[in-house]
Amino acid sequence: MSEDIQLVSGRLSENGVYIVSVKGKSELEEKGYGDVKDKKLYLKDYETLFLIYSGRLKVRKGRSIITLDDMVEFALRRDPDAWTKFLIYRDLRSRGYVAKEGFGFGVDFRVYSRGEFRVKPAKYVVSGLDQGREITVKNMSKSVDQISRMGKEPIVAVIESRGEVIYYKISRERLENLKTAP
């Protein structure tokens with residue numbers, strides 16, 4: 001699903017990228033991008049990467065235009081999971097979902113069903129996991145319990161080696177079976 005967003009200008013600061021124009025700020029904010037701080041709309045690094053990648057954002061630092069590669073380097077210095085977040089975010093946005101920063105269970109997003117951003121609470125919490133990265137059933141079970149108690153559906157997004165994202169719905173019952181298996 002392609003969003004109809006005009007080319008927007010941003011500036012790179014030590015706090016990340018903020019949107020320069022009032023029109024661009026309101027347009028992006030309306031579509032679920034960024035957070036307002038000090039009357040400026042600041043984008044998360046994965047949002048910036050997505051908008052640069054999709055040709056809808058031009059970012060400047062001083063007089064220089066920041067390339068996608070430059071932004072990836074900047075984001076990875078701030079967060080080692082920046083690339084994983086970008087891949088998941090890009091996939092969710094391309095499917096028409098609005099994804100916002102999660103609740104702190106790891107690489108995660110609150111994901112709103114199509115057309116429900118600002119209308120209903122997020123339906124899903126998507127946690128990212130790079131292929132080959134190990135996590136314990138105990139830790140996964142704890143996260144799933146917390147997410148389920150909030151009334152959200154827990155989803156794990158596994159990033160394959162080629163960058164493809166595969167989603168798995170997780171249930172407490174299945175994890176309980178794994179914990180008790182010999």
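1. Helices (H or I, at least four residues) and strands (E, at least two) are DSSP runs numbered from the N terminus, and two strands pair if DSSP finds at least two bridges between them. Within this pair, alanine 99 sits opposite valine 111 of β8.

2. Ground rules: this is a predicted model, where local features need pLDDT of at least 70, side-chain atom pairs count only at pLDDT 80 or more, and totals for chains, interfaces and linings use all residues. Residues are numbered from 1 along each chain as its sequence is written, and side-chain values use heavy atoms, with hydrogens and water left out.

3. The open sheet has five strands, ordered β7-β8-β9-β10-β11, with mixed pairing. β7 (98-101) and β11 (165-169) are the edges with a single partner strand each, so one side of each has no neighbour in the sheet.

4. Serine 113 is in the loop between β8 (108-112) and β9 (124-130). At 14% relative accessibility, serine 113 counts as buried (under 20% relative accessible area; exposed is over 50%, partly exposed in between; 1.4 Å probe, protein chains only). Leaving out residues up to four places away in sequence, serine 113 touches Tyr97, Lys123 and Tyr124 (contact: heavy atoms within 4.5 Å).

5. On confidence, pLDDT (the predictor's confidence in each residue, from 0 to 100) averages 86 over the protein chain, and 89% of the residues score at least 70.
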